[in-house]
Amino acid sequence: MKNNNNGCTKKEQLECNHIVHKLPPGDSPYVRAKYAQLVEKDAEAAIVLFWKAINAGDRVDSALKDMAVVMKQQDRAEEAIEAIKSFRDRCSKQAQESLDNVLIDLYKKCGKLEEQIELLKQKLRMIYQGEVFNGKPTKTARSHGRKFQVTIKQETSRILGNLGWAYMQQSNYAAAEVVYRKAQEIDPDVNKACNLCTCLQKQSRYTEARSVLEDVIRGKISGSDDPKSKNRVEELLKELEPFGYTSPSPKLNLEDAFLDGLDQLINQYAPFRSRRLPIFEEISPCRDQLAC
């Protein structure tokens, strides 16, 4: 077998690529697709091979998700959305949550806010029904190839943060405010605090907006010491400088700001109350405060 430019035989080079890029063994359509994607950097060839893998029933869960990711990178997000919708029924139950996460990213890429919001609501429903954590306090998540543990509170707060951001893109700041407030009650962080400040500022509630930032300045919120967060807080404070004291707005009945309330969602799924998770016990009393 001939040597390549690195002095390795072709077989040795293939074995090396499998190790470095963590490619599965074999020469199936899915393996060839991953090789095209990761080694040859040929996105178009990878997409064709992922299609072949799906049609051949070869690692369909991974093939569909990976193909959608490559399509997104090629600015073919709309096509990726249709592919997931058309072929997700061929995937296992375990793959559905990760496919939903990919769909949310694709909807965000395409500016499909209504679809994004609906899917985020669905993910909240799934947590409520016990379908995500299976009654356990944590679950294993993946990010950039690494595994880590996520708690119910962390995941719920993360989804609420994404939901709040989607409402902000619709300029529905009243709805976004309530979602961010609930997310902060569950698992606070600086990014959501800054977004909450923006929501209040957009509603001309400058004093309340400033008070949210003061909690960050005093180090009461996780991530307050991060340099980027500090810069963002300083920028928001400068935006608030021209505005003096404003009286807090009266308590809003946000039923008008939201299409559906999270509390109504909980009542709708009353048969599942025996499987309710602790975080929803915290949310349910907020009848006039939270919706989604």
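Predicted model: local features only at pLDDT ≥ 70, side-chain atom pairs only at ≥ 80, totals over all residues.

Modeller: Start with H3 and H4. Ala43, Ile47, Phe50, Trp51, Ala53 and Ile54 in H3 meet Val60, Ala63, Leu64, Asp66, Met67, Val70 and Met71 in H4. By class, that contact has 12 nonpolar residues, one charged residue and no polar ones.

Biologist: Where do H3 and H4 sit in the chain, and at what angle do they pack?

Modeller: H3 covers residues 43-56 and H4 covers residues 60-73. They pack at about 155°, and their axes are 9 Å apart. H3 and H4 are therefore roughly antiparallel to each other. The cut-off for that label is an angle over 145 degrees.

Biologist: And which hand is the crossing of H3 and H4, left or right?

Modeller: Left-handed.

Biologist: Stay on H4. How many residues does H4 have, and how far does it reach?

Modeller: H4 has 14 residues. From its first C-alpha to its last, H4 reaches 20 Å. That is close to the 20 Å expected at 1.5 Å a residue.

Biologist: Which residues of H4 are buried?

Modeller: Val60, Ala63, Leu64, Asp66, Met67, Ala68, Val70 and Met71.

Biologist: What do those buried residues of H4 pack against?

Modeller: Four helices: H2 (29-38), H3, H5 (77-87) and H6 (96-110).

Biologist: What follows H4?

Modeller: Aspartate 75, with a positive phi. Its phi is near 60°, and aspartate 75 is not a glycine. Most residues other than glycine have a negative phi. Aspartate 75 lies in the loop between H4 and H5.

Biologist: Is aspartate 75 buried or exposed?

Modeller: Exposed, with a relative accessible area of 61%.

Biologist: Which other residue has a positive phi without being a glycine?

Modeller: Lysine 41 is one. Its phi is about 55°. Lysine 41 sits in the loop between H2 and H3. Lysine 41 is exposed, and its relative accessible area is 62%.

Biologist: New topic. You mentioned H6. Which residues of H6 meet H7?

Modeller: Glu97, Asp100, Asn101, Leu103, Ile104, Tyr107 and Lys108. On the H7 side they meet Glu115, Gln116, Leu119, Leu120, Gln122, Lys123 and Met126. By class, the contact of H6 with H7 has six nonpolar, three polar and five charged residues.

Biologist: At what angle do H6 and H7 cross?

Modeller: Roughly 155°. H7 is residues 113-128, and the axes of H6 and H7 come within 9 Å. That makes H6 roughly antiparallel to H7. The crossing of H6 and H7 is left-handed.

Biologist: I'm looking at aspartate 105. Where is it?

Modeller: In H6. Aspartate 105 is partly exposed, with a relative accessible area of 39%.

Biologist: Let's jump to H9. How many residues of H9 are buried?

Modeller: 12 of its 14 residues are buried, so H9 is largely enclosed by the rest of the structure. H9 runs over residues 173-186. It reaches 20 Å from first C-alpha to last, close to the 20 Å expected.

Biologist: Which residues are the buried ones in H9?

Modeller: Tyr173, Ala174, Ala175, Ala176, Glu177, Val178, Val179, Tyr180, Lys182, Ala183, Gln184 and Ile186.

Biologist: Pick glutamine 184. What is its relative accessible area?

Modeller: It is 13%, so glutamine 184 counts as buried. The cut-off for buried is under 20%.

Biologist: What is glutamine 184 in contact with?

Modeller: Asp189, Lys192, Ala193 and Ile221. That list leaves aside neighbours within four places in sequence.

Biologist: Zoom out. How many helices and strands does the chain have?

Modeller: 14 helices and two strands.

Biologist: And how much of the chain is buried?

Modeller: Buried residues make up 45% of the 292 residues.

Biologist: Last one. What share of contacts joins residues at least 24 apart?

Modeller: 56%, among contacts between residues at least 6 apart in sequence.

Terms used
Residues numbered from 1 in each chain as written. Heavy atoms only, no water. Axes fitted to C-alpha atoms, helices over the stretch in contact; angles between N-to-C directions. Parallel < 35°, antiparallel > 145°, perpendicular 65-115°, else oblique. Left-handed = near helix turned anticlockwise from the far one by under 90°. Contact = heavy atoms within 4.5 Å. Nonpolar A, V, L, I, M, F, W, Y, C, P; charged D, E, K, R; others polar. Expected span 1.5 Å × (residues − 1). Buried < 20%, exposed > 50% of the residue type's maximum accessible area, 1.4 Å probe, protein only.
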